[in-house]
Amino acid sequence: MTVPPVHTMSATESLSDLVRRIADRDQAAFSRLYRRLVRSVFLQVCESLGSPADAVPVTRAVFVEVWRLAPVSDARRDDVLVWITGIAARRAGDKLREIDHDSSAVSTDYDGHFDRELAAGFGTEPSTVWSAPPGTRRTGGLRH
């Protein structure tokens, strides 16, 4: 069994360094990136959507996408913050279109889907990986 290397957070650790480590499936690096950016991503998404309840699962989806795309992303060489805020803007736009098209017509459990996807990536049980951004409460799903 291979044990992943342990990386400690240095004062000079860049977002690009973290994404490189995430590309190698370093969960600790993902946790550090999440802690550094979750508030700003959440605020960006919340501002776009106007609803903290809708922003929580979209913010979650942004970080799931970061985890999934890190191994193939050019963000390891480019501006990581631009890459992540771009993902957040696209995800928020998708959610706005979903809301505009009456999401009750198509019931989708994105919250549960992203929970399961991130847990599978980490090899843990769903709901043990995600915690809502500070100052918010976790919802059971999207508005229907």
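**Notes on the predicted model**

1. P52 first. This proline lies in helix α3, in a model that is predicted. Helix α3 spans residues 52-69. P52 has a relative accessibility of 45%, so it counts as partly exposed. Leaving out residues up to four places away in sequence, P52 touches F42 and C46. P52 and F42 are ten residues apart in sequence, and their C-alpha atoms are 8.3 Å apart in space.

2. The overall layout. The protein has five helices and zero strands. From the N terminus on, the order of elements is α-α-α-α-α. Of the 144 residues, 42% count as buried. Take the contacts with a separation of 6 or more: residues 24 or more positions apart account for 62% of them.

3. The aromatic pairs. The structure holds three of these. F30 and W67 make one that is edge-to-face, at 5.4 Å centre to centre with 85° between the planes. This pair links distant parts of the chain: F30 sits in helix α2 (residues 27-49) and W67 in helix α3, 37 residues apart. Both F30 and W67 are buried. Y34 and F63 form another edge-to-face pair, with 5.0 Å between centres and 70° between planes. Y34 is in helix α2 and F63 in helix α3, so this pair ties together parts 29 residues apart in sequence. Y34 and F63 are buried too. Ring pairs join F30, Y34, F63 and W67 into a cluster.

4. R25 deserves a look. Where does R25 sit? Its place is in the loop between α1 and α2, just after α1. R25 lies over the face of W67, at 4.3 Å from the ring centre. So the ring of W67 takes part in the pair with F30 and also has R25 over its face. R25 has a relative accessibility of 33% and therefore counts as partly exposed. The backbone is worth checking as well. R25 has a positive phi of about 70°, although it is not a glycine. Most residues other than glycine have a negative phi.

5. The nonpolar core. Which residues touch the most other members of the largest nonpolar core? They are L33, V41, V45 and I84, out of 31 residues in that core. Helices α1 (15-23), α2, α3 and α4 (80-100) each supply at least two residues. The largest share, eleven residues, comes from α2. In soluble globular proteins, nonpolar side chains tend to be buried together.

6. V45 in detail. Setting aside neighbours within four places in sequence, V45 is in contact with A55, V58, T59, A88 and A92. V45 is also among the core residues that touch the most other members.

7. A89, for comparison. A89 lies in helix α4. Is A89 buried or partly exposed? With a relative accessible area of 42%, A89 is partly exposed. A89 and V58 are 31 residues apart in sequence, and 9.8 Å apart in space, C-alpha to C-alpha.

8. One face of α1. The buried residues of α1 are L15, S16, L18, V19, I22 and A23. Seen down the helix axis, they fall within an arc of 160°, so they line one face of α1. What covers these residues includes α2, α3 and α4.

9. Confidence. The mean pLDDT of the protein is 79, and 67% of the residues score at least 70. Where is confidence lowest, and where highest? It is lowest in helix α5 (residues 110-122), at a mean of 68, and highest in α2, at 97. Over residues 3-9 the pLDDT stays under 50, and the model has seven contacts there beyond four places in sequence. Over residues 137-144 the pLDDT is also below 50, and this stretch has 23 contacts in the model beyond near neighbours in sequence. Where pLDDT is low, the predicted coordinates should not be read in detail.

Note on methods:
Residues are numbered from 1 along each chain as its sequence is written. This is a predicted model: local features need pLDDT of at least 70, side-chain atom pairs count only at pLDDT 80 or more; totals for chains, interfaces and linings use all residues. Side-chain values use heavy atoms; hydrogens and water are left out. Rings of Phe, Tyr and Trp (its six-membered ring) pair if their centres lie within 6.5 Å; planes under 30 degrees apart count as stacked, over 60 as edge-to-face and the rest as tilted. Helices (H or I, at least four residues) and strands (E, at least two) are DSSP runs, numbered from the N terminus. Buried means under 20% relative accessible area, exposed over 50%, partly exposed in between (1.4 Å probe, protein chains only). A charge sits over a ring if NZ of Lys or CZ of Arg is within 6 Å of the ring centre and within 35 degrees of the ring normal. A nonpolar core is a set of buried Ala, Val, Leu, Ile, Met, Phe, Trp, Tyr and Cys residues joined through side-chain atoms within 4.5 Å. Contact means heavy atoms within 4.5 Å. The arc is that of the directions from the helix axis to the C-beta atoms. pLDDT is the predictor's confidence in each residue, from 0 to 100.
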